[in-house]
Amino acid sequence: MHELAITQGIVDVCQEHARGRRVLEVVLEIGELAGVVPESVEFCFSAVTSGTLLEGARLVIQRIPGRGRCVDCRAEFGRSTYFDPCPECGGYQVEVLAGEELRVKELDLDEEEVRS
Amino acid sequence: MCITCGCETTGHEHGHQHRHDDGTVHSHVHSHEHGHVHGDEHGHEHGHEHEQGDASVSRARMTVETDILARNDRLAAANRAIFAQHGIFVLNLVSSPGSGKTTLLERTLKDLAGRFRCAVIEGDQQTDNDAVRIAATGVPVRQINTGTGCHLDAHMVRHALDHFDLHQLDILLIENVGNLVCPASFDLGEHHKAVVLSVTEGEDKPLKYPQMFHAADVMLLNKVDLLPHVEFSVERCLEMARRVRPDATIFEVSARSGAGMDAWYAWLAAGVAGTRNAVKKG
């Protein structure tokens, strides 16, 4: 259940940026290959945000599909696992182009709640 | 505030709950500024908009684009700098519980005694059983109990380092919590993640836990002395491991019989030499 630590990381990032303002909405990007279950993050979110600037915030998770490029034949293709072969040549040497994202993308902040 | 690693020195806000003498409880937020400069990405704000129907809420949209693990990664980079400065070769050993990590470590430490100066960080949820076993080899060891936590993070490792004389070390072996999922996501600042898989666990583990076998560039297939007694195809296992991590360095070993351990030691020696050379050049 490393999603608990991941969700704590979300709170850390948001609080650093919010600088005392209440966070109304958090937009995350979670890649398909990142090894993180979005539902588990949602499950942890309300517990971890309780008593923080994020309490009651809306959580929006954008799932980023996996994408790879074959090192041998340079074909680019969708990749939802680390072990599917290149559909063109069957090789397994695949460079990950997308899908490992684990990012806080945007925040909506309540400007009236600035505290110093 | 932590004075060793700066872990709470990023100038962010903390919420606190206070209980007064009369029993009333209230919480408030305050910010700490520690005059500490760090490599944070700062967000960009796009003006603001007013919510229709709720004039009291004034919203500001902020682009953040910051990795959720940014804080761990910063601390991992700091650990890496410490290892580089002292020329210490560092491995993060990961596996499921019972793969034989501690036995592998015990044998490695005994066989390398007098050749390299080693230390061990032991990660477990509870107990110091493994640390006691390692201490019996005479090697400095520090236990980290994660409680309910399922992995070590860079912050825990940073604090464990305070208990070693880093000038007296060639190799640091970090035995992570036995778990083939969570430790894959957390950089500790190590040179290599080495995954230990034993032949009693089933040959398809690399495909069942691809995140971990992709993250680890070294794999030790342990307990090969048991191969005559179990249904396990080494060939199929290695094929699956290479599908997930084609460039993995793989050792087939038995920490009990000693089979294959010399190749592992030769690889460790090369790693130590490489780390020392980097210090000389630096």
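I looked up Cys86(A) and found it buried, at a relative accessible area of 3%. Buried means under 20% relative accessible area, exposed over 50%, and partly exposed in between, with a 1.4 Å probe and protein chains only. This is a predicted model, where local features need pLDDT of at least 70, side-chain atom pairs count only at pLDDT 80 or more, and totals for chains, interfaces and linings use all residues. Residues are numbered from 1 along each chain as its sequence is written, chains are lettered from A and ligands numbered from 1 in the order in which they are written, and side-chain values use heavy atoms, without hydrogens and water.

Cys86(A) is in none; its nearest cysteine sulfur, that of Cys73(A), is 3.7 Å away. The cut-off for a disulfide is two cysteine sulfur atoms within 2.5 Å. Next I checked Cys89(A). Its sulfur lies 3.5 Å from the closest cysteine sulfur, in Cys70(A), which is too far for a bond. Cys89(A) is partly exposed, with a relative accessible area of 41%.

**Helix 1 of chain A**

This helix covers residues 3-18, and its 16 residues reach 22 Å from first C-alpha to last, close to the 22 Å expected. I took helices (H or I, at least four residues) and strands (E, at least two) as DSSP runs, numbered from the N terminus. The expected span is 1.5 Å times one less than the number of residues. In helix 1 of chain A, 13 of the 16 residues are buried, so the rest of the structure largely encloses it. Just after it, Arg19(A) has a positive phi of about 45°.

**Salt bridges**

I counted 26 salt bridges over all chains. The rule is a side-chain nitrogen of Lys or Arg within 4 Å of a carboxyl oxygen of Asp or Glu. One of them pairs Arg71(B) with Asp12(A), at 2.8 Å from N to O. Arg71(B) is in helix 1 (residues 70-86) of chain B and Asp12(A) in helix 1 of chain A, so this pair joins two chains. Both residues, Arg71(B) and Asp12(A), are buried.

Another pair is Asp108(A) with Arg59(B), at 2.4 Å from N to O. This one also runs between chains, from strand 6 of chain A to strand 4 (residues 58-67) of chain B. I found Asp108(A) and Arg59(B) both buried.

**Chain B**

Where does Asn92(B) lie? It is in strand 5 of chain B. Asn92(B) is buried, with a relative accessible area of 0%. Leaving aside neighbours within four places in sequence, its contacts include Ile174(B), Phe186(B) and His192(B). Contact means heavy atoms within 4.5 Å.

I then followed strand 10 of chain B, which runs parallel to strand 11 of chain B and is joined to it by four bridges. The path between them goes through helix 7 (residues 234-244) of chain B, in a right-handed β-α-β crossover. Right-handed means that, with the strands pointing away from the viewer, the path from the first strand over the helix to the second runs clockwise.

Last came helix 8 (residues 261-281) of chain B. Its 21 residues should span 30 Å, and its end C-alpha atoms are 30 Å apart, which agrees. Its buried residues include Trp264(B), Trp267(B) and Gly271(B). Among the elements covering them are strand 5 (89-95) and helix 2 (101-112) of chain B.

Key: Pairing = 2+ DSSP bridges.
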